[in-house]
Amino acid sequence: MFDAIYLGILTARGLKPLSRLEYPIDETVLGWLSAQGLLTAVVTRVARNGARVHHLALSRDADLLSRYCAEFDRQPLRGETPGVIRREAHYFGYPACCAEAYIRTPHAPNHLTAAEQALFYHRACPGCRVTPRLIPAYRAALIEAQAVWRSTTSEESQQSGTDLTEMVRRSRSVENGI
Ligand SMILES: [Zn+2]
């Protein structure tokens, strides 16, 4: 759930044009996203076994959100083809250099520290010139998300995961982050 807040802030600040959550969120967080000026849409995908999976897409740009829905709603989950990686990088704000490097070599080492890499939903490419410039804004968004998280969740649920950076890293599947 922390990811919903972090992604909400990144998207509301325009650091990511659109974000996707792959788990249901409660009314409180949905209301909070809306108060940040974000529009949301449920996108239904079809898994390989035919099961329907519901994702929540969020963006402050109504046109971009409808384009994303038109492209992905009711479409099968195909996995990571180069085409899907490029399209998702476009929507999710992943630098094109990182998406292309990921297509060539998915887990090539980069120059970011583990804590820096954990700020992102994409893997920075080796020698990336774009991602390092994004670090201050992403770090500020993480700090802001931590403050919101503390004020909107009970102490009980906070105690279940106190290392927020670790939480972000563990829940990386929210966006099929590359
Ligand atoms: Zn890059």
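This is a predicted model: local features need pLDDT of at least 70, side-chain atom pairs count only at pLDDT 80 or more; totals for chains, interfaces and linings use all residues.
Reader: How many helices and strands does the chain have, and what makes a run count as one?

Author: Helices are DSSP runs of H or I with at least four residues, strands are runs of E with at least two, and both are numbered from the N terminus. By that rule the chain has 9 helices and 4 strands. Their order from the N terminus is α-β-α-β-β-α-β-α-α-α-α-α-α.

Reader: Why are α1 and α7 called oblique?

Author: Let's start with the values. Helix α1 (residues 2-12) packs against helix α7 (residues 131-152) at about 130 degrees, and their axes are 9 Å apart. The axes are lines fitted to C-alpha atoms, for helices over the stretch in contact, and angles run from 0 to 180 degrees between N-to-C directions. Angles under 35 degrees count as roughly parallel, over 145 as roughly antiparallel, 65 to 115 as roughly perpendicular, and the rest as oblique. The angle of about 130 degrees is therefore in the remaining class, and the pair is oblique.

Reader: Which residues of α1 and α7 meet, and what makes two residues a contact?

Author: Two residues are in contact if their C-beta atoms, placed from the backbone, lie within 7 Å. On the α1 side these are F2, I5, Y6, I9 and L10, and on the α7 side A141, L142, E144, A145, V148 and W149. Sorted by class, this contact has 10 nonpolar, no polar and 1 charged residues. Here Ala, Val, Leu, Ile, Met, Phe, Trp, Tyr, Cys and Pro count as nonpolar, Asp, Glu, Lys and Arg as charged, and the others, Gly among them, as polar.

Reader: What makes α4 and α5 roughly antiparallel?

Author: Helices α4 and α5 pack at about 160 degrees, with axes 10 Å apart. That angle makes α4 roughly antiparallel to α5. P82, I85, R86 and A89 of α4 make the contact with A96, A99, Y102 and I103 of α5. By class, there are 7 nonpolar, no polar and 1 charged residues in this contact.

Reader: How do you know which strands pair in the sheet?

Author: Two strands pair if DSSP finds at least two bridges between them. Strand β2 (residues 39-46) and β4 have 2 bridges in the parallel sense, with V46 partnered by P76.

Reader: What order do the strands take, and why are β1 and β4 at the edges?

Author: The 4 strands form an open sheet in the order β1-β3-β2-β4, with mixed pairing. Strands β1 and β4 (75-76) each have a single partner strand, so one side of each is left without a neighbour in the sheet. Helix α1 packs on this sheet, touching β1 and β3, and its direction makes about 170 degrees with that of β1.

Reader: Which way do the residues of β1 point, and are they buried or exposed?

Author: L18 and R20 point one way, S19 and L21 point the other, and all are buried. A residue is buried if 20 or more other C-beta atoms lie within 10 Å of its own, exposed if 12 or fewer, and partly exposed in between, with C-beta atoms placed from the backbone. Over the chain, buried residues make up 30% of the 178 residues.

Reader: Why is R74 called exposed?

Author: R74 has 10 other C-beta atoms within 10 Å, so R74 is exposed. R74 is in the loop between α3 (62-72) and β4. R74 also has a positive phi of about 65 degrees although it is not a glycine. Most residues other than glycine have a negative phi.

Reader: What makes P95 partly exposed?

Author: P95 has 19 C-beta neighbours inside 10 Å, so P95 counts as partly exposed. P95 is in the loop between α4 (82-92) and α5 (96-104). Leaving out residues up to four places away in sequence, P95 touches C128, V130 and T131.

Definitions and conventions
Residues are numbered from 1 along each chain as its sequence is written.
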